[in-house]
Amino acid sequence: MTRKRVVACIACALLAWAIAYLRDPPWAGSLTSGMGRWEEDPPGTRFRWTTGRASFFVPRDATAMTLPLRAVFPGPDGRPVTVSVSVDDRWLADIELQRPDEWVRASLPLPRRATSRHFRRVDLHVSRTAVGPFILGVMTGEIGLDRSP
Amino acid sequence: MTRVVLNRLHVNLTPVIRWGARHVVAIVGVCALAGYCWLFTRPSADEPIRSDGYNYYLYAPSWLIYHDPTLEALAQDWNGGAYPAFSGIVRWPGTNRWMNRLPIGVAVLMLPFVIVADLLTRWSNLPRDGFSLYYQHAAALAGLAYFLAGVAVLRRTLSRYFSPAVTLWTLVAITWGTNLFHYAVYDGTFSHAFSFALVCALVELTDLWWAHPRRWHTAALGLVAGLIVLTRHTNGLLLLLIPGWRVSAWSHVRRRMRELWERRRAVLAMTAIAAAVVAPQIALYKWVTDRWMVNSYAAQGLGFTFLSPHLFGALFSTQRGLFFWSPVLLFAVAGMVVARDWARQVLAPSALVFTLNVWVIASWTEWQYGAGYGHRAFIDSLGLLAVFLAAFFAWTAEHPRLVPYIAGVATLATLLSVVQMIQYWLRVWPVRDTTWEQYRSLFLTFR
């Protein structure tokens, strides 16, 4: 076997391993998209701003999650802001934030569909955004998870 | 004495220089990846798709994920039907359609990388939103990959006419003695690394096309010419190199006209390919504004002031001066004076293009080109300036007594540029409007 073939075989093997590894990467649980850095509001509540959409991951053994949300800016004409929640691309719930300044802690049961992955992806879609230098959706607090069987 | 030492050094260093010249692209690649990993694994790191990079990249997810060239669907999904103010993407008066001030070329060049990122995103069950992890790094690594391709092509061109030592010195000086490395690693989603690669390809293909015209040279030159315009419209003036290549005197102009006429089929084919590549952008402008030609920056109140260019500011000032922040490029100017042989033959068109380019860059109302390290508008043409940097190093090699001094100054200028780049990465330098007082007080400080 020539040196070039050996290098090609090793490269193919590495590529195959990398693709298999990326099917269910162990660090996916810490990934987010569409969310700003952690901040703290005056009473000491930690939160992150979303944009019009945001995604995060929860462990597959979580049976329910508590999702703290706060609109801050009202919807058009003072209407409530709606956050649509889906898990692994399936709609789960719509959460209405009636009062802009109030934290809403929505308890959401997570579907028990079997998955071979370690994490489920949760996507949020916000019905309106506040447009300025940056796009602001809603505040999300620290997510609570219930893992009871 | 000096000559004896140098000769001895030359003998000892020759294998090292040859090895370095052969593997310089790999060495630059390893350094670029190391820098990239360091930059984007820091807790305070920004996401790679930001600032102008956001505007350049935006088309790719719009086409690939939202199947919508109008930018409406992405605005709806991400931003509730708007774009953030920093992007300067506005609805065009009259048509009410989204106008992105930056053209589609970078997104076209990024597309293969974004497609791979999209497939991996599906495979890993990450959010298929166009801005999650893989998309971010695919966009930035695309810039890095094109930069390396540019270095590889430039190495090929220089190796044909200069010694391995001159080629190596030139590539090192261009990579690290200027802000090129920064715009490949730190701001890889901006257009400059892409334009650098395209201009290096333009120089190489133009040289091949005039030396040994082949069909694929014609097709490739048309494609590259189109992509240059598609990536940054003002770089279209660099295409003057094609008809002017190796025209070194007025008396050659008539002969060149005759040669172009003799190659009229190839010229037509090249023009047709370039026009086909640029056509989608023209069509987009027409659809958005109802006009074929448009100043996409009109909403920001930006344009050209050709009668009052900021020449000193663009070339020498502490704010953005090309030679202030990349002093090694002064050797390229000297190279234009001492150029010989092939470099002398390509001097006239190169000097013309460089002068026009300086004038255009300095005439832009926002002549500092926003936030950044050094003057980023000149990066695109570094592939051309490298020829004269090499010409200067080649001339220096013929004057052994000068070698230690020039080598010392070039090394210091390159090291200074690297140090200043790291200072920028550590957010020591102001992002624009740097004054002499600020420069002095922050010189070689890292906190």
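Is A:A106 buried or exposed, and what is its relative accessible area? In this predicted model, A:A106 has a relative accessible area of 11%. Because this value is under the 20% cut-off, A:A106 counts as buried. The residue belongs to strand β7 of chain A, which spans residues 104–109. Beyond its neighbours within four places in sequence, A:A106 is in contact with A:M65, A:T66, A:L67 and A:I95. A:P68 lies 38 residues from A:A106 along the chain, yet the C-alpha atoms of the two are separated by 6.3 Å.

The two chains meet at an interface in which 26 residues of chain A are in contact with 26 residues of chain B. The size of an interface is often given as the accessible area lost when the parts come together. Chain A and chain B bury about 2000 Å² between them, and 56% of this area is on carbon and sulfur atoms. The chains are also linked by 2 salt bridges. A:R37 forms a salt bridge with B:D46, with 3.5 Å between the closest N and O atoms.

The largest pocket holds about 1700 Å³ of space. Its lining comprises 42 residues, of which A:M35, A:G36, B:D46, B:E47 and B:Q136 are the closest to the centre. Both chains contribute to this lining: at least two residues each come from β1 (32–35), β3 (46–59) and β10 (135–136) of chain A, and from α1 (2–40), α4 (72–79) and α6 (133–161) of chain B. By residue class, the lining of the largest pocket consists of 22 nonpolar, 13 polar and 7 charged residues. B:D46, one of the residues closest to the pocket centre, is also the partner of A:R37 in a salt bridge.

Notes: Residues numbered from 1 in each chain as written. Chains lettered and ligands numbered in written order. Predicted model: local features only at pLDDT ≥ 70, side-chain atom pairs only at ≥ 80, totals over all residues. Heavy atoms only, no water. 1 Å grid on protein atoms, 1.4 Å probe; cavity = no way out; pocket = protein on both sides within 12 Å on 5 of 7 lines; lining within 4 Å. Points joined across faces, edges and corners; volume = space filled by probe spheres on them. Helix = DSSP H or I, 4+ residues; strand = E, 2+ residues; numbered from the N terminus. Nonpolar A, V, L, I, M, F, W, Y, C, P; charged D, E, K, R; others polar. Buried < 20%, exposed > 50% of the residue type's maximum accessible area, 1.4 Å probe, protein only. Contact = heavy atoms within 4.5 Å. Buried area = accessible area lost by both parts, 1.4 Å probe. Salt bridge = Lys/Arg side-chain N within 4 Å of Asp/Glu carboxyl O.
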